[in-house]
Amino acid sequence: MAQPPWLVDVLQIEPGSGDTITVDRDVTDGAMQFVDAVLTSGVLLPALVGIRNITGVFVVGRAGDGAPYTTVQAALDAIPAASSALVPSLVLIMPGVYTEDLTLTRDGVYMVGLGGAKLINSTGTHTLTIKAESTSTPQNILLRGLEIECDHAGDACVYVLGADTFASGTVDVDN
């Protein structure tokens, strides 16, 4: 039996991460607007439609979700060598647990998890290794909205490899 539609002004979703996700209407034109901890100013539905087809945007989702990539590494491998701070690449990781060993060798990569994306190593090694290769040196990398776990003693969640290499930023550590 069909149910009547809901009539609400705002829908708030509170996932286990503690971040509230809001689905609302834009006051200017009435377009559907999504707000979360990463997109604090919100993004309108028309801006999201077709986002996976925009050059430089790589969407990762679970099999059956319709995302072009089902593994994070496949998306990282698809990033062109020309990616840089001036021509960045965005890897949007949809909710889910991704069990894989990741290697990032490109510059200008923004990895953003939406709604509870979790990365876990699949073997006894680092979960995410950031290192240079002959055609690219990753110097400008952003990791945001991701839970990164390494369940192997002696290895790191994020391992940065290279001479005179350093990282800066804020890291929340949950033991």
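In this predicted model, confidence is lowest in helix α1 (residues 45-48), with a mean pLDDT of 68, and highest in α2, with a mean of 97. Over the protein, the mean pLDDT is 83, and 85% of the residues reach 70 or more.

These two stretches belong to a protein with 2 helices and 12 strands. Along the sequence the elements follow the pattern β-β-β-β-α-β-α-β-β-β-β-β-β-β. Of the 175 residues, 30% count as buried. The accessible surface of the protein comes to about 11,000 Å², and 54% of that surface belongs to carbon and sulfur atoms. Among contacts between residues at least 6 apart in sequence, 49% join residues at least 24 apart.

One part of the strand arrangement can be followed strand by strand. Strands of a sheet pair through backbone hydrogen bonds, either parallel or antiparallel. Here, an open sheet of 3 strands runs in the order β8-β10-β12, and its pairing is parallel. The edges are β8 (102-104) and β12 (158-161); each has a single partner strand, so one side of each is left without a neighbour in the sheet. On average, neighbouring strands of this sheet are turned by 20° against each other, direction ignored. Between β8 and β10 (residues 128-131), the parallel pairing extends over 3 bridges.

The next topic is the interior. In soluble globular proteins, nonpolar side chains tend to be buried together. The largest nonpolar core of this model holds 18 residues, of which V72, L76, V91, I93 and M111 touch the most other members. Two or more residues each are given to this core by β5 (57-60), α2 (72-78), β6 (89-93), β8, β9 (109-120) and β10. The largest share, 4 residues, comes from β9.

Leaving aside residues up to four places away in sequence, L76 touches V91, L102, T103, L104, V109 and M111.

Key: Residues numbered from 1 in each chain as written. Predicted model: local features only at pLDDT ≥ 70, side-chain atom pairs only at ≥ 80, totals over all residues. Heavy atoms only, no water. Pairing = 2+ DSSP bridges. Axes fitted to C-alpha atoms, helices over the stretch in contact; angles between N-to-C directions. Core = buried A, V, L, I, M, F, W, Y, C linked by side-chain atoms within 4.5 Å. Buried < 20%, exposed > 50% of the residue type's maximum accessible area, 1.4 Å probe, protein only. Contact = heavy atoms within 4.5 Å. pLDDT = per-residue confidence, 0-100. Areas by Shrake-Rupley, 256 points an atom, 1.4 Å probe, with all protein chains shown as cover.
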